[in-house]
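Me: I'd like to go through this structure slowly, one topic at a time. Please start with the wording I need for helices.

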Amino acid sequence: MASSRSLNGGSLPFSSQRLLALAQQLSHYKPPPCSLDDGDEQERIIEETVGKVVSQVGVQESVTPISQNPEKFKPKRAAVLICLFEGDAGDLRVILTKRSSRLTTHSGEVSLPGGKAEEGDKDDIETASREAKEEIGLDPSLVNIVTVLEPFLSKHLLRVVPVIGILTDKKAFKPTPNAAEVDEVFDAPLEMFIKDENRTEEEREWMGEKYLLHFFEYETEKEKKKYTIWGLTAGVLIRAASLVYQQPPAFLEQNPKFKFPKIVDRNTVMR
């Protein structure tokens, strides 16, 4: 088996030349520079409910005024893991979760494994890897981290960093969902997020600016379970699929044209 150096250390073998080529392709990706650094947080911190990364909308931070006005405030950091693997049909697939129905907020919604950074995390890769292990039992040693995408800004102004990793041996991963947080673990084809099939959209408005909210419907082949992927998770996966397949989506994304709010507090959200 071929292998490649991983951003999370070590060298993991790949089960196919396609995965190796993908790892090499993504390893050359450099996200656009961001003005925010890892310094002390200022007083105005917007926290996502229960520390999980679930939101009605998520957009790349580079298109928001955060990158031009870093002195305004520093959002709380979080990371999600986009874990890709090769399916039985040879397609690229991504691991997703359905949030526990017992949660008081965003129950039953689809999300990527991830959450807020903790004090002991050395970087976004460690945050995403730790959260994935806690939520679904994904051992970090099974995942070859190949790149980190530009941050997204969630509805609650949580700074979310997507981390892309490749699961080198799908059979070695036995999902063990944390019942307090996750009801189900499933996977979906990554390519669906740049196609216009099984997709709907809704026009929303924030501070007088219109934007589109995307909804992707997916049904599993064996169990015939239906899921809706939308909001921040959809936005992150649209970006990831565009990068992996090196082509833009077959639909208009239409992100909001942000205007920086005069007052930033816990009630500052996009609706």
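Reply: The axes themselves are lines fitted to C-alpha atoms, for helices over the stretch in contact, and the angles run from 0 to 180 degrees between N-to-C directions. Please keep in mind that this is a predicted model, in which local features need pLDDT of at least 70 and side-chain atom pairs count only at pLDDT 80 or more, while totals for chains, interfaces and linings use all residues. Residues are numbered from 1 along each chain as its sequence is written, and side-chain values use heavy atoms, with hydrogens and water left out.

Me: OK, and how many helices and strands does the protein chain have?

Reply: The protein chain has three helices and 14 strands, where helices (H or I, at least four residues) and strands (E, at least two) are DSSP runs, numbered from the N terminus.

Me: So at what angle do the axes of H1 and H3 cross?

Reply: The axes of helix H1, which covers residues 17-27, and of H3 cross at roughly 105 degrees and come within 10 Å, and H1 and H3 are therefore roughly perpendicular to each other.

Me: Which residues meet there, in H1 and in H3?

Reply: From H1 there are Arg18, Leu22, Gln25 and Leu26, and these meet Leu243, Val244 and Tyr245 in H3, where a contact means heavy atoms within 4.5 Å.

Me: Switching to charges: how many salt bridges are in the whole structure?

Reply: A search of the whole structure finds 16 salt bridges, a salt bridge being a side-chain nitrogen of Lys or Arg within 4 Å of a carboxyl oxygen of Asp or Glu. One of them joins Arg239 to Glu150, with the closest N and O atoms 2.9 Å apart. That pair links distant parts of the chain, since Arg239 sits in helix H3 (residues 231-245) and Glu150 in the loop between strand E8 (143-148) and strand E9 (152-154), 89 residues apart.

Me: Is Glu150 buried or exposed?

Reply: Glu150 is buried, with a relative accessible area of 3%, and Arg239 also counts as buried, at 18% relative accessibility. Buried means under 20% relative accessible area, exposed over 50%, and partly exposed in between (1.4 Å probe, protein chains only).

Me: What about Glu184, which residue does its side chain meet in a salt bridge?

Reply: Glu184 meets Lys225, at 3.9 Å from N to O. Here too distant parts of the chain are linked, with Glu184 in strand E11 (residues 182-189) and Lys225 in the loop between strand E13 (209-219) and strand E14 (226-230), 41 residues apart. Lys225 is partly exposed, with a relative accessible area of 39%.

Me: And which residue forms a salt bridge with Glu201?

Reply: Glu201 pairs with Arg199, at 2.9 Å from N to O; Glu201 is partly exposed, at 38% relative accessible area, whereas Arg199 is buried, at 15%. Elsewhere, salt bridges that share partners join Glu118, Asp121, Arg130, Glu131 and Glu134 into one network. Within that list, Glu134 belongs to helix H2 (residues 124-136).

Me: Now the rings: how many aromatic pairs are there?

Reply: The count comes to four aromatic pairs. Rings of Phe, Tyr and Trp (its six-membered ring) pair if their centres lie within 6.5 Å, and planes under 30 degrees apart count as stacked, over 60 as edge-to-face and the rest as tilted.

Me: Which charged residue lies over the face of Phe251?

Reply: Arg199 does, at 4.2 Å from the ring centre, where a charge sits over a ring if NZ of Lys or CZ of Arg is within 6 Å of the ring centre and within 35 degrees of the ring normal. Lys170 likewise lies over the face of Phe85, at 5.1 Å from the ring centre.

How values were computed
Parallel < 35°, antiparallel > 145°, perpendicular 65-115°, else oblique.
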